[in-house]
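Me: Could you walk me through this structure, please? I am new to reading models.
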Amino acid sequence: MQITGKIVWISDKAIIGEKQLEKVQVQVTETTPDYPNTLIMDFIGKGVEFASKYKVDDMVEVEYKTRVSEHNGKKYNGIKGWSIKSVSISDPVNGGDVN
């Protein structure tokens, strides 16, 4: 699955789990004019290196996977980013590139 849009937030790096892996979260909002989707994706381990190359307001395409985990009888959704790259988005109103 993928989302293309603007980075609106990047978390600070955190250390998680027994393996002491680095984690960073990236929030991307689509630039579609009507009903843009927003996702916050986790980048863990080597994925942190990829996400660290970008900053707020960068236009990106992120490939991600969803997963369900269970803890103490409750189920949780998770979104893990595994690929991120810069893109130029065409501006449908003025023509040309937004980025």
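Reply: Two strands pair if DSSP finds at least two bridges between them, and helices (H or I, at least four residues) and strands (E, at least two) are DSSP runs, numbered from the N terminus. With that in hand, V60 stands opposite S86 in strand 6. This is a predicted model, in which local features need pLDDT of at least 70, side-chain atom pairs count only at pLDDT 80 or more, and totals for chains, interfaces and linings use all residues. Residues are numbered from 1 along each chain as its sequence is written, and side-chain values use heavy atoms, with hydrogens and water left out.

Me: In which sense do strand 5 and strand 6 pair?
Reply: They pair in the antiparallel sense, over 12 bridges, and they form a hairpin with 2 residues between them, where N72 in the turn has a positive phi of about 55°.

Me: OK, what about D58, is it buried or exposed?
Reply: D58 counts as buried because its relative accessibility is 17%, where buried means under 20% relative accessible area, exposed over 50% and partly exposed in between (1.4 Å probe, protein chains only). D58 sits in the loop between helix 1 and strand 5.

Me: And which residues does D58 contact, leaving aside neighbours within four places in sequence?
Reply: D58 is in contact with G5, K6 and I7, contact meaning heavy atoms within 4.5 Å.

Me: What is the mean pLDDT of the chain?
Reply: The mean is 90, and 89% of the residues reach 70 or more, pLDDT being the predictor's confidence in each residue, from 0 to 100. Over residues 92-99, however, the pLDDT is below 50. Where pLDDT is low, the predicted coordinates should not be read in detail.
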